[in-house]
Amino acid sequence: MSRSVSLEKGKNNMIGISIGGGSPFCPVLYVVQVFHRTPAYDDGNLTPGDELVMVDGVSLKGYTRKETAQLIQSKKGVITIAFNRIEPPKGKNYDIAMKKVKHRLVERLKDRTADTLGISRAVLVNDKLLKKVEYLEKNAEVYRGITERAKEFLQGTKALAQSHREFGQVFSEIGVYETQTSASVAFTNFGNAHKAMADEGAKLIKSVGPMLRDLGTFLEKVVPDTKLTLKKYSDAKFEFLSYCLKVKEMDDEESDAVQYGQQLTRVLSGNHMYRVFLRCRHAAKIRFIKLRSDVLVKLQLLDNKRVQDVAFQLERLITGLYVYNRKCHKLLKPAAVFPIEVHLSIDKGANTDSSTAPPIMGAGLGE
């Protein structure tokens with residue numbers, strides 16, 4: 001498909017592309033690379049693998065790489081380049097798929113094992129982003145531990161509140177049937193205090209409950225989403241490295257052929273497959289850069305959330321415990337009126353009036 005693009009040259013009189021092919025061996029001149037932060041890169045129309053057809057109306061048929069570069073440099077200001085876009089094939093390439101598998105296997109090797117096998121891991125090992133997976137798992141374990149302890153705490157608080165309520169009910173009933181006025185009031189107040197403590201326990205559970213939901217959101221949504229992004233980034237990285245390796249192999253093959261005074265059939269016929277791999281490498285590079293940027297942003301947000309969220313959740317828990325214990329102490333303190341006088345036994349025929357019944361001092365009866 002024929003297209004054209006007009007580019008305004010930069011300060012160094014360059015448009016920012018490297019050229020391959022051309023006379024005398026290859027009938028096609030094509031873009032090998034588009035350099036970052038150049039007119040061609042910023043415009044985005046020219047991509048590696050595209051066939052260069054004309055420059056400002058001058059046909060490039062029969063031109064060498066050097067002659068084409070000189071023609072472009074001789075032009076000033078804005079130049080118009082006609083080109084044919086090469087489209088990558090649909091589907092996956094078997095060789096690239098196998099290279100991706102190799103990269104994945106190499107990455108999992110320990111340094112000593114890789115050195116023993118003579119395998120270079122420099123590109124892979126220096127990528128600290130993939131090591132963030134382990135860091136993410138450790139953070140998830142911390143959150144998981146906090147969540148489990150918080151659940152156990154809430155279950156214990158619920159059981160304690162239920163005990164307080166039952167305990168309060170028992171003492172309230174004792175207060176109802178106690179004939180001694182002071183003892184009845186004491187038991188009733190003591191029971192009501194425990195019922196109020198049960199209510200405070202329910203409030204504590206309600207205040208700490210959102211903590212579990214927030215931690216659950218982190219574990220069930222945030223962490224899996226970040227891990228998925230890291231997985232996509234890893235796949236894009238290995239694909240880009242695989243295309244880089246494939247292009248390097250084809251470059252070496254071409255260099256070896258020239259060294260022995262031979263020319264490859266693919267070069268003589270237009271080097272179509274090489275251009276396809278150039279195009280695929282460029283697309284893989286763009287995808288890799290984008291995903292890397294996404295991963296960096298997500299990891300930064302995740303790290304900020306972890307630092308702020310853990311502090312906030314622990315503060316919520318400690319504050320809730322502090323308020324709960326202070327209120328329980330405040331409720332129970334005025335109800336602690338023991339020892340009190342109670343009638344433990346009364347004769348059937350005796351007068352139930354407190355003036356005739358022998359009082360017995362409760363020996364520090366308490367909770």
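Guide: A disulfide is a pair of cysteine sulfur atoms within 2.5 Å. By that criterion, this predicted model holds zero disulfides.

Visitor: Why is Cys26 called buried?

Guide: The relative accessible area of Cys26 is 4%. The term buried applies under 20%, so Cys26 qualifies. Cys328, with a value of 9%, is therefore buried by the same cut-off.

Visitor: How many aromatic pairs does the structure contain?

Guide: Two rings pair if their centres lie within 6.5 Å, and by this rule there are eight aromatic pairs.

Visitor: Why does the pair Phe171 and Phe190 receive its class?

Guide: The ring centres of Phe171 and Phe190 are 4.8 Å apart, with the planes at 70°. Planes over 60 degrees apart count as edge-to-face, so the Phe171 and Phe190 pair is edge-to-face. Phe171 belongs to helix 6 (residues 132-177) and Phe190 to helix 7 (residues 181-259), so this pair ties together parts that are 19 residues apart in sequence. Both residues are buried. Phe171 and Phe190 also form one aromatic cluster with Phe167 and Phe187.

Visitor: Why does the pair Tyr233 and Phe288 receive its class?

Guide: Here the centres of the rings of Tyr233 and Phe288 are 5.6 Å apart and the planes stand at 25°. Planes under 30 degrees apart count as stacked, so the Tyr233 and Phe288 pair is stacked. Tyr233 lies in helix 7 and Phe288 in helix 9 (residues 272-332), and the pair links distant parts of the chain, 55 residues apart. Both Tyr233 and Phe288 are buried.

Visitor: Is Ser172 buried or exposed, and why?

Guide: Ser172 has a relative accessible area of 10%. This value falls under the 20% limit, so Ser172 is buried. Ser172 is located in helix 6.

Visitor: What makes a polar contact of the side chains of Ser172 and Lys195?

Guide: The limit for a pair of N or O atoms is 3.5 Å, and the two side chains make their polar contact at 3.5 Å. A polar atom of the Ser172 side chain also lies 2.8 Å from the backbone oxygen of Gly168. Beyond neighbours within four places in sequence, Ser172 is in contact with Phe187, Thr188, Gly191, Asn192 and Lys195.

Visitor: Which residues touch the most other members of the largest nonpolar core?

Guide: Tyr30, Met211 and Tyr274 do, in a core of 45 residues. The elements contributing two or more residues are strand 3 (29-34), helix 6, helix 7 and helix 9. Helix 7 gives the most, with 17 residues. Met211 touches Ile146, Ala150, Gln313, Arg316 and Leu317, when residues up to four places away in sequence are not counted. A second, separate core of 18 residues includes Leu7, Leu46, Leu60 and Leu71.

Visitor: Why is Asp56 placed in its accessibility class?

Guide: Asp56 has a relative accessible area of 32%. Buried is under 20%, exposed is over 50%, and partly exposed is in between, so Asp56 is partly exposed. Asp56 sits in the loop between strand 4 and strand 5 (58-59).

Visitor: How far apart are Glu51 and Arg275 in sequence and in space?

Guide: They are 224 residues apart in sequence and 8.7 Å apart in space, C-alpha to C-alpha. Glu51 is found in strand 4 (residues 51-55). Leaving aside neighbours within four places in sequence, Glu51 has contacts that include Tyr30, Phe83 and Arg275.

Visitor: What share of the chain counts as buried?

Guide: Of the 367 residues, 37% count as buried. The secondary structure comes to nine helices and eight strands.

Notes. Residues numbered from 1 in each chain as written. Predicted model: local features only at pLDDT ≥ 70, side-chain atom pairs only at ≥ 80, totals over all residues. Heavy atoms only, no water. Phe/Tyr/Trp six-rings, centres within 6.5 Å; stacked < 30°, edge-to-face > 60°. Helix = DSSP H or I, 4+ residues; strand = E, 2+ residues; numbered from the N terminus. Buried < 20%, exposed > 50% of the residue type's maximum accessible area, 1.4 Å probe, protein only. Polar contact = N/O pair within 3.5 Å; in protein donor to acceptor, adjacent residues only side chain to side chain. Contact = heavy atoms within 4.5 Å. Core = buried A, V, L, I, M, F, W, Y, C linked by side-chain atoms within 4.5 Å.
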